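Let's take a walk through this protein together. Have a look at it first, and then we'll go from the overall layout down to single residues.

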Amino acid sequence: MSTSVNRSRWSIVALSCAGAALVAAFVLGPAALLRGRYPQFQDQSVISVLLGRGLVDYWGSGVRTYPPGLAKMVDYWFEWHAIKIVISVLLTAVLGLLAATLWRRSLTAGVGCVVAAATTTVLSLFSVFVAVLNIQSTVAPVVALLPMLSADNADGQTAQSLIENGVQSGDSRPPLLELLTQVEHYNWAAIVATAVVIAVVATGTVIAFRRYRSSDMINGAHRRMFVALGSLGAVMTIAMALLFVAAVVAVVDPGEALLGVVGL
């Protein structure tokens with residue numbers, strides 16, 4: 001019994017350290033890994049200025065292909081979010097294992113362990129949400145860049161005006177058509193990813209509530225675990241459903257979605 005408890009304790013410590021390391025990697029890793037290849041994009045304020053300039057050049061080009069400056073920025077943002085997908089998936093796995101370990105221990109431990117297990121479960125579900133957002137951004141990195149467009153500089157203002165006037169007038173120039181296509185890809189990625197998450201989490205939620213209903217009324221620890229897991233799964237399913245609906249609306253009206261992305 002003592003050996004089992006010690007093994008569980010060391011597993012919790014190891015998984016907690018791995019989780020903390022992955023959180024640090026998520027925050028600092030992409031910039032550190034890409035600094036050598038893309039030194040010009042390390043300052044976020046510089047990205048905003050370069051993005052405005054790149055979009056103005058793109059608009060004037062009259063073709064769907066990005067100009068060199070914007071193309072390099074899109075490549076950088078693609079790699080940035082691809083790295084974050086890998087880290088967030090690993091983080092989800094680590095937090096899932098940690099949550100499972102804590103839930104098992106909570107069956108014979110106090111309320112503190114239940115709180116820790118529930119908190120870790122929330123964090124693991126949140127990391128899934130983050131992974132979905134980064135999948136979107138990897139599928140259409142130019143759309144993920146657009147929120148960084150700022151009206152604080154002349155090129156940013158010009159780019160916003162060009163996009164706004166183009167959408168409202170029904171302009172059919174190739175750069176605008178490409179941006180609208182990328183908006184559709186961005187939201188289709190969200191639709192597919194959220195549908196998968198909803199299917200998995202909703203199934204787990206149903207199983208948890210069924211286990212709760214069928215568990216022995218005297219076994220309070222098991223019932224507490226199942227109702228907590230079911231409740232958290234239900235909240236996650238609702239959150240993913242809202243994201244799914246928002247993505248569907250954006251696909252139906254990509255022009256309005258594009259304006260929303262650039263803050264108009």
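Two residues are in contact when they have heavy atoms within 4.5 Å of each other. With that in hand, take the contacts in the protein with a separation of 6 or more: residues 24 or more positions apart account for 79% of them.

A word on what you're looking at. This is a predicted model, where local features need pLDDT of at least 70 and side-chain atom pairs count only at pLDDT 80 or more, while totals for chains, interfaces and linings use all residues. Residues are numbered from 1 along each chain as its sequence is written, and side-chain values use heavy atoms, with hydrogens and water left out. The pLDDT itself is the predictor's confidence in each residue, from 0 to 100. Here the average is 93, and 96% of the residues score at least 70.

Now the layout. The protein has 9 helices and 0 strands, where helices (H or I, at least four residues) and strands (E, at least two) are DSSP runs numbered from the N terminus. The C-alpha atoms fill a box of roughly 70 × 40 × 25 Å, taken along the principal axes.

How much of the protein is buried? Buried residues make up 45% of the 264 residues; the word means under 20% relative accessible area, with exposed over 50% and partly exposed in between (1.4 Å probe, protein chains only). In soluble globular proteins, nonpolar side chains tend to be buried together. A nonpolar core is a set of buried Ala, Val, Leu, Ile, Met, Phe, Trp, Tyr and Cys residues joined through side-chain atoms within 4.5 Å. The largest one here has 56 residues, and Ile47, Leu51, Tyr76, Trp77, Leu145 and Leu258 touch the most other members. Helix 3 (residues 68–106) gives this core its largest share, 15 residues. A second, separate core of 11 residues includes Leu125, Val128, Val132 and Ala193.

Back to Tyr76: leaving out residues up to four places away in sequence, Tyr76 touches Leu34, Tyr38, Phe41, Gln42 and Ile47. Thr101 also lies in helix 3, and is buried because its relative accessible area is 9%.

Next, see how two helices meet. The axes of helix 2 (residues 44–61) and helix 7 come within 7 Å and cross at roughly 120 degrees. Axes are lines fitted to C-alpha atoms, for helices over the stretch in contact, and angles run from 0 to 180 degrees between N-to-C directions. The two helices are therefore oblique to each other; angles under 35 degrees count as roughly parallel, over 145 as roughly antiparallel, 65 to 115 as roughly perpendicular and the rest as oblique. Tyr58, Trp59 and Ser61 of helix 2 meet Pro175, Leu176, Glu178 and Leu179 of helix 7.

Arg224 lies in helix 8 and, at 37% relative accessibility, counts as partly exposed. Arg224 and Leu107 are 117 residues apart in sequence and 9.0 Å apart in space, C-alpha to C-alpha. In helix 9 (residues 254–261), the buried residues are Pro254, Gly255, Ala257, Leu258 and Leu259. What covers them includes helix 6, helix 7 and helix 8.
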